[in-house]
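Subject: Structure handover

Hello,

Here is the structure you are taking over. Please open it next to this email and keep the sequence at hand.

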Amino acid sequence: MSAWGASLRRVLTFTWAWLRFTDYYILQFLQANLEVFWEIVRPRPAMEPGLVAVPLACRTSREIVMLANLLTLTPGTLVIEISLEPPILYVHGMFVHDREAFIAEVHELEARMLRALHPLERRGG
């Protein structure tokens with residue numbers, strides 16, 4: 001493959017990875033907005049707030065801060081503290097009905113973000 005073809009493939013791979021991540025995040029963002037809106041207008045609150053320590057797969061400070069910002073931008077979640085060694089986010093959530101499920105949702109966002117940041121790396125699993 002020519003250098004031009006390899007460069008084009010790389011650009012398309014990065015673009016596709018970011019489009020997939022952006023679509024996922026926008027849907028999560030809209031869902032969180034609706035959930036918080038419904039909590040505000042419902043007569044009997046169903047929120048179950050909690051503070052959860054989430055161990056991360058992120059390794060660089062750029063990845064950790066990006067994930068923290070994405071979580072804080074999402075309604076109903078707020079990153080309270082960031083630990084770099086080991087990488088852990090302390091996240092306050094409005095709807096922490098199940099801590100393990102909440103951690104799994106954060107890990108899903110993290111995994112998708114990392115795939116968008118590093119689309120050319122081969123990851124196991």
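Below is what was found in it, from the overall layout down to single residues.

This is a predicted model, so local features need pLDDT of at least 70 and side-chain atom pairs count only at pLDDT 80 or more, while totals for chains, interfaces and linings use all residues. Residues are numbered from 1 along each chain as its sequence is written, and side-chain values use heavy atoms, with hydrogens and water left out.

Overall layout

The protein chain has three helices and three strands. Helices (H or I, at least four residues) and strands (E, at least two) are DSSP runs, numbered from the N terminus. In sequence order the pattern is α-β-α-β-β-α. The C-alpha trace spans about 65 × 35 × 25 Å along its principal axes.

Of the 125 residues, 34% count as buried. Buried means under 20% relative accessible area, exposed means over 50%, and partly exposed is in between (1.4 Å probe, protein chains only). The protein chain exposes about 8,400 Å², and carbon and sulfur atoms supply 62% of that area. Accessible areas come from the Shrake-Rupley method with a 1.4 Å probe; for residues, only the protein chains shown count as cover.

A contact means heavy atoms within 4.5 Å. Among contacts with a separation of 6 or more, 70% are between residues 24 or more positions apart.

Helix H1

Helix H1 covers residues 3-41. It has 39 residues and reaches 57 Å from its first C-alpha to its last, close to the 57 Å expected at 1.5 Å a residue. The expected span is 1.5 Å times one less than the number of residues.

Which residues of H1 are buried? They are Gly 5, Ala 17, Phe 21, Tyr 24, Tyr 25, Ala 32, Val 36 and Glu 39. The buried residues of H1 pack against helix H2 (61-73) and H3.

Gly 5 counts as buried because its relative accessible area is 17%. Its C-alpha atom is separated by 42 Å from that of Phe 102, which is 97 residues away along the chain. Trp 16, also found in helix H1, is exposed, with a relative accessible area of 53%. Trp 16 and Ala 116 are 100 residues apart in sequence, with their C-alpha atoms 8.5 Å apart in space.

Phe 37, Trp 38, Ile 40 and Val 41 make a nonpolar surface patch of about 460 Å². Patches are made of residues with over 30% relative accessible area and no salt bridge; like charges are joined within 9 Å, and nonpolar side chains (Val, Leu, Ile, Met, Phe, Trp, Tyr) within 5 Å. Ile 40 counts as exposed because its relative accessible area is 64%.

Charged residues

Side chains of opposite charge can pair when their charged atoms come close. A salt bridge is a side-chain nitrogen of Lys or Arg within 4 Å of a carboxyl oxygen of Asp or Glu. How many salt bridges does a search of the whole structure find? It finds two.

Glu 39 is buried at 7% relative accessible area, and Arg 42 is partly exposed at 24%.

Another salt bridge is formed by Arg 112 and Glu 108, with the closest N and O atoms 2.6 Å apart. Both residues lie in helix H3, four residues apart, about one turn of the helix. Arg 112 counts as partly exposed at 28% relative accessibility, as does Glu 108 at 32%.

Glu 110 is in helix H3 (residues 99-117). Glu 110 is buried yet has no salt bridge; the nearest side chain of opposite charge, Arg 59, is 6.8 Å away. For charge, Lys and Arg count as positive and Asp and Glu as negative; His and the chain ends are not counted. Leaving aside neighbours within four places in sequence, Glu 110 is in contact with Leu 56, Ala 57, Cys 58 and Leu 67.

Two loops

Arg 59 is in the loop between strand E1 (50-55) and H2. Arg 59 is exposed, with a relative accessible area of 58%. Its C-alpha is 7.1 Å from that of Pro 87, 28 residues apart in sequence.

Pro 86 is found in the loop between strand E2 (77-83) and strand E3 (88-93). The peptide bond from Glu 85 to Pro 86 is cis, with omega near -10 degrees.

Regards
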